[in-house]
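Dear colleague,

Please find below the sequence and structure that I am handing over to you. A summary of what was found follows.

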Amino acid sequence: PMTATGPAGDTGPVGRVNPFSTRYIRVGAIPALSEQGGLFDASAVLAELAAIGGCGAFVGPHGSGKSTRLEACAQAAAAQGQQVCRIRLRRWWESLAAARRIAMQPAGALVCIDSLEVAGRLGIACLRGMARLRRVRLLATTHKPAGLPVLVECKTSLGLLERVVEQLPAEGGSIAPEDLRDAFVAADGNLREALFALYDLVEARRT
């Protein structure tokens, strides 16, 4: 079965591609989409970030596309020739190392922090303070508002899952629309978990 990191392979015993393998669904592997299913406009978000003072967040539950949109903004900034620093927090004490990394960034750089809420209230305040001190922009993902201006409130829908699946390689016909609906409902709207379930479904039907 697929785990949180997913399997390394992408083909089954009959040689067909499993489009839900990690290599196809990992962050940055497919274009980020808006809630309406269109392409996510990362450049517009970066412009809004600059307009509101250089600090903002993508807010939403697990599997709602926050990390995907954060990476899209990082790639857009890099394409514009800007310095980009990517940080993912897993434990609150990692915020100290994150502050050090921010301190090393040149003025005008973009610091992208995934899971900012892990830092806690004090850690978030310190990271924001360091960003202001270094005059760098701070863009983060959080599950709930964490004192940062909300740039995008990320939400999911069955339609959005369908659009994501359309971006993946052709599967071969074993996945039907009702399978997408069932996976979405079973995952309680978590797109990442729904894609994991669809991976397992493809593998089970192959055997």
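**Confidence and fold**

In this predicted model, pLDDT (the predictor's confidence in each residue, from 0 to 100) stays under 50 over residues 1-14. For that stretch the model has 26 contacts (heavy atoms within 4.5 Å) beyond four places in sequence. Where pLDDT is low, the predicted coordinates should not be read in detail. The protein chain as a whole averages 90, and 92% of its residues score at least 70.

Residues are numbered from 1 along each chain as its sequence is written. Local features need pLDDT of at least 70, side-chain atom pairs count only at pLDDT 80 or more, totals for chains, interfaces and linings use all residues, and side-chain values use heavy atoms, with hydrogens and water left out.

Helices (H or I, at least four residues) and strands (E, at least two) are DSSP runs, numbered from the N terminus. Five strands form an open sheet with parallel pairing (at least two DSSP bridges between two strands), in the order β2-β3-β4-β1-β5. β2 (84-88) and β5 (150-153) are at the edges with a single partner strand each, so one side of each has no neighbour in the sheet. Strands β1 (residues 55-59) and β4 (residues 137-142) pair over five bridges, and Val59 has Thr142 in β4 as its bridge partner.

Turning to the helices, α2 (residues 42-51) and α3 (residues 66-79) have axes (lines fitted to C-alpha atoms, for helices over the stretch in contact, with angles from 0 to 180 degrees between N-to-C directions) that come within 9 Å and cross at roughly 85°. α2 is therefore roughly perpendicular (65 to 115 degrees) to α3.

Yours sincerely

Technical notes:
Angles under 35 degrees count as roughly parallel, over 145 as roughly antiparallel, 65 to 115 as roughly perpendicular and the rest as oblique.
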